[in-house]
Amino acid sequence: MALAIGAASAASALGLPLVAIDPGHGGADSGAVGSLPPGTVTGLTPRADAAGNPLIFEKDVNLDVGQRLNAILQANGVPTLMTRNTDSAGGDVPYVSEGADLKARTDLANAQAAQLFVSIHQNSASSALGTGTETYVFTGTGPASRALALAIQQSVIARLLLTDRGVREANFYVLRNSAMPAVLVEGAFLSNPTDALAVASPDVRQAMAEGIGTGVLNYAGMLGAGVVQQPVPTKISLARSGGAVSRRAGINPSRGDLWVATVIDQSGIPMAGVPLTARLPNGKGVSVSTRGDGKALLAVPRRRGRLNVAVALPGIRVNARGDVPARIR
Ligand SMILES: [Zn+2]
């Protein structure tokens, strides 16, 4: 279903951002599991416990909402990419491990230079009383992710009418390793019988997708109006690092020097998940990605020469150079 959002037209002229849609979990990882009353029809892959009582799997809800969001954004002219389209791990490959699954998702978004990352999840708590919607950003993230999260949280609340648990911070992998503004929406609690029954309805999942889509379009309107700035890598600084960091990074300092490349955006905020290519003094090329603190580690052979580091995102050119002395310590 197409949404008519006035704010989006302002952004269209300037180009709408490429949005990575990330339906959480998949394959062997079901995510949260909720119980449904007997006879509940979900429109999703039927799931049941050993006694035949219907269940609802988070991975199924996330994919369904993600596909609905994909249709909404495309109908509004927003380019998208899905981190998975099937009941499988990120990149539509069989689930092997949580680490590989999550890495595939952010690698996809970073490699295709997505400009926004929207991860879709459903919540779970030890108490069945936990209810409502919350949206996460990476701890200490910049203003763009916060603006996107707030826009999405407000519009999902307006459509779903669940408890507003607000915008929160967390050190989630997909938020930490995305090179673009990134949010993670927890739509409802599958551990809460009322929330779970609501999400079992295709209409409610459509409303959730429309709420997220409206938030993305409102944010895009803010981008087009210059209210918020899309972070782009604008500077790399290089610094030689001491042995303590070398040991923590698992790199043997005796084999060469360790350099740290720090990437910041135009607001001076460190950017996570930015892919870098480095040309080492021995001619070897290596690919690294910045961590949550905007830093990437480079082990450099002990050889005199020039160290070149560049952002590896299409259309963005930021370079840094450092001179490596023959004798370092
Ligand atoms: Zn989840």
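**View 1. Strands E2 and E4 pair in the antiparallel sense over three bridges.** The model is predicted. Strand E4 covers residues 54-57. Across the pairing, Gly34 faces Ile56 of E4. Strands of a sheet pair through backbone hydrogen bonds, either parallel or antiparallel.

**View 2. An open sheet of three strands runs in the order E2-E4-E3.** The pairing is antiparallel. E2 (33-35) and E3 (47-48) stand at the edges, and each has a single partner strand, so one side of each is left without a neighbour in the sheet.

**View 3. His25 sits in the loop between strand E1 (19-23) and E2.** Most residues other than glycine have a negative phi. His25 is not a glycine, yet its phi is positive, about 65 degrees. Is His25 buried or exposed? His25 has 26 other C-beta atoms within 10 Å, and 20 or more count as buried, so His25 is buried.

**View 4. Helices H4 and H7 cross at roughly 145 degrees.** Two packed helices are described by the angle between their axes and the distance between the axes. H4 spans residues 143-160 and H7 spans residues 202-224. Their axes come within 7 Å. The crossing is right-handed. On the H4 side, the residues in contact include Ala147, Leu148, Ala151 and Ile152. On the H7 side, they include Val204, Ala207, Met208 and Gly211. By class, the contact has 14 nonpolar, six polar and two charged residues. Arg159 in H4 and Glu210 in H7 are among the residues that meet here.

**View 5. Helix H7 is mostly covered.** Of its 23 residues, 19 are buried. How far does H7 reach from its first C-alpha to its last? The span is 32 Å, close to the 33 Å expected at 1.5 Å a residue. Gly226 follows H7, with a positive phi near 75 degrees.

**View 6. Leu161 lies in the loop between H4 and strand E8 (164-170).** Phi of Leu161 is positive, near 60 degrees, in a residue other than glycine. Leu161 has 11 other C-beta atoms within 10 Å, and 12 or fewer count as exposed, so Leu161 is exposed.

**View 7. The whole chain holds eight helices and 16 strands.** The chain has 329 residues, and 46% of them count as buried. Among contacts with a separation of 6 or more, 72% join residues 24 or more positions apart.

Definitions and conventions: Residues are numbered from 1 along each chain as its sequence is written. This is a predicted model: local features need pLDDT of at least 70, side-chain atom pairs count only at pLDDT 80 or more; totals for chains, interfaces and linings use all residues. Axes are lines fitted to C-alpha atoms, for helices over the stretch in contact, and angles run from 0 to 180 degrees between N-to-C directions. Helices (H or I, at least four residues) and strands (E, at least two) are DSSP runs, numbered from the N terminus. A crossing is left-handed if the near helix is turned anticlockwise from the far one by less than a right angle, and right-handed if clockwise. Two residues are in contact if their C-beta atoms, placed from the backbone, lie within 7 Å. Ala, Val, Leu, Ile, Met, Phe, Trp, Tyr, Cys and Pro count as nonpolar, Asp, Glu, Lys and Arg as charged, and the others, Gly among them, as polar. The expected span of a helix is 1.5 Å times one less than its number of residues. Two strands pair if DSSP finds at least two bridges between them.
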